[in-house]
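Here is a short report on one model.

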Amino acid sequence: MEQVLQSGLFSKAPRLERFFQYICERELEGSGDQIKEYSIAIEALGRSSDFDPKKDSIVRVEAHRLRRRLEHYYKGLGSDHPLRIAIPHGQYRPQFLQQEEAAALAESGESQFGAVDLLPLPAPEAAVTVRAVRVRSRRTWLWPLLLCLIALGVLGAWLARRRGHASVASGTQKEEVWTPPAGGSAVLGSAHLLAGYHGPPLSDAQGRNWTADAYYTGGSSSTIPPGRALEPQSGTFYARSQRAGRFRYDIPLRQCAYEVHLYLAETEYGRGNPKGGGESTRLFNLSVNGKPTLTNIDPVAEAGSPNRVYEKVFKDIYPSQDGKLHLAFDPVTAPAFVNALKIIPSPPGRIHPVRIVAQESPVTDSQGRLWNADEYYFGGHAVVRNTMISNSHEVLYQGERYGNFSYRIPLAPGKYRLTLHFAETWFGTGSPEPAIGSRIFDVFANGVALLRKYDIARDAGGANRSVEKVFENIEPNAQGMLVLDFVPSKNYAEVNAIEIVETG
């Protein structure tokens, strides 16, 4: 077991590692009869006590992945191991087998993957015993039949997989193909598409126009059921509909660098959704201009929750030689999907700065820079102050978000300068409490403390005075997010504006 754990087999699969270690340790300590789907889900995979295997297939999915990974391991790095670990098909208790036993099990067609997925193992180094030779000699007449059954099984699995892929790609609806307008489609400088939407253009909170779905081949369109609770509130505009199945987009663009934003919200699978399941239930792949870009996208895992709008950002994306950007979505365990696509020109090597002001509408500062209306927030309350700031004429401090809240801001990989804008416009002005010492809070970026016991008024020199806190070399997390947490210590935390600029 330790050899497998130290081999790097699970270097990018911590959940599979917990699964594997849990079932092996339970078996080795004599509690193998307690290895059940429910116990694995609760104790190894972190599911809650109300886990229902009829609604959540995570254990079965992860067991299948683990069997596959062990198969590849014993074909390669572990091919010389005298002892092998197998998980027979249809159960979760591991078996610890000598190499000869594992080879015999594979020859009999009873491998951990069933007869269709035989695990070819190297012949044992030791000589085969006379008894084993006799047994095999008595069974030589079975080999043609066994090989025939295996061939039929492989053929049946291949045909089923083709049918399954077709079913996954199309679902219950007929696949759709976009028809370009008369005269062909124009070359675009940018694109804002609401996938699966077929109505007139719509404007978002930033005043940007989004058009109906276009440039697609395959998949089917559907609307998100009304009343579905989506978060964050500011992201619900992008998750009104979806295109799902096996499909692609071929978008004609001018030749320059682009940043591409994908919007995904899992509204079918996961706790509380009609199809149940959770993490790893829906996996799919994305390729850009024929190059695999994302493998086994797990919308629930990436977003951290079902019914949460997840935005993925790519930079330095160029049209291919035919002048089109090709995005291919391919199912793995369930239909691929996307809710919206934003494609905008950007400087090579960088994305556009992210500027957010805690107000309902976008504003333009004294330098002519546009700041987006409040977005990407979770929790807290927005309020308009309209207070005169003594040391600044900027409009950034006319509103604030306060409370115990966070921002999940999507970014492409890179290093960024983060600037937080603060002004104390309540304590010492509209309340009887003094400005200094009345509001104290912490700020974290992806779990790392940026500010501890921060007092805006003390730092700024009093109420109604602005202050900027600048942090360099900030990087997004593994999900491509900068998560900013504002945590109260004394009274509520607050922020007026956030600026993120890529620096290198």
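Which residues in helix 2 meet which residues in helix 4? From helix 2 come Arg-15, Leu-16, Phe-19, Phe-20 and Ile-23. They meet Ile-58, Val-59, Glu-62, Ala-63, Arg-65, Leu-66, Arg-69 and Leu-70 in helix 4. Contact here means heavy atoms within 4.5 Å.

## Basis

This is a predicted model, in which local features need pLDDT of at least 70 and side-chain atom pairs count only at pLDDT 80 or more, while totals for chains, interfaces and linings use all residues. Residues are numbered from 1 along each chain as its sequence is written, and side-chain values use heavy atoms, with hydrogens and water left out.

## Helix 2 against helix 4

Two packed helices are described by the angle between their axes and the distance between the axes. Helix 2 spans residues 14-28 and helix 4 spans residues 58-75. Their packing angle is about 85°, and the axes lie 10 Å apart. Helix 2 and helix 4 are therefore roughly perpendicular (the class for 65 to 115 degrees). Axes are lines fitted to C-alpha atoms, for helices over the stretch in contact, and angles run from 0 to 180 degrees between N-to-C directions. Helices (H or I, at least four residues) and strands (E, at least two) are DSSP runs, numbered from the N terminus.

By class, the contact of helix 2 with helix 4 holds nine nonpolar, no polar and four charged residues. Ala, Val, Leu, Ile, Met, Phe, Trp, Tyr, Cys and Pro count as nonpolar, Asp, Glu, Lys and Arg as charged, and the others, Gly among them, as polar.

## Helix 3

Helix 3 covers residues 37-44. Its Glu-37, Ser-39, Ile-40, Ala-41 and Ala-44 are buried (under 20% relative accessible area; exposed is over 50%, partly exposed in between; 1.4 Å probe, protein chains only). The buried residues of helix 3 pack against helix 2 and helix 4. Gly-46 follows helix 3, with a positive phi near 75°.

## Salt bridges

The whole structure has 30 salt bridges. Each is a side-chain nitrogen of Lys or Arg within 4 Å of a carboxyl oxygen of Asp or Glu.

Glu-268 pairs with Arg-282, the closest N and O atoms being 2.9 Å apart. Both sit in the loop between strand 8 (258-264) and strand 9 (284-288), 14 residues apart. Arg-282 is buried, at 2% relative accessible area. Glu-502 and Lys-315 form a salt bridge at 2.5 Å, N to O. This pair links strand 28 (residues 497-502) to strand 11 (residues 310-317), across 187 residues. Glu-502 is buried at 3%, whereas Lys-315 is partly exposed at 21%.

Lys-469 bridges to Asp-459 at 3.2 Å between the closest N and O atoms. Lys-469 lies in strand 25 (residues 466-474) and Asp-459 in helix 9 (residues 456-460), so the pair ties together parts ten residues apart in sequence. Lys-469 is partly exposed at 22%, as is Asp-459 at 35%. Salt bridges with shared partners also join Arg-15, Glu-62, Arg-65 and Glu-279 into one network.

## Asp-250

Is Asp-250 buried or exposed? With 15% relative accessibility, Asp-250 counts as buried. Asp-250 lies in strand 7 (residues 241-252). Its side chain makes polar contacts with the side chains of Arg-248 (2.8 Å) and His-326 (2.5 Å). A polar contact is a pair of N or O atoms within 3.5 Å; within protein, one must be able to donate a hydrogen and the other to accept it, and residues adjacent in sequence count only if both atoms are side-chain atoms.

Leaving aside neighbours within four places in sequence, Asp-250 is in contact with Tyr-215, Thr-217, Lys-324, Leu-325 and His-326.

Terms used
Angles under 35 degrees count as roughly parallel, over 145 as roughly antiparallel, 65 to 115 as roughly perpendicular and the rest as oblique.
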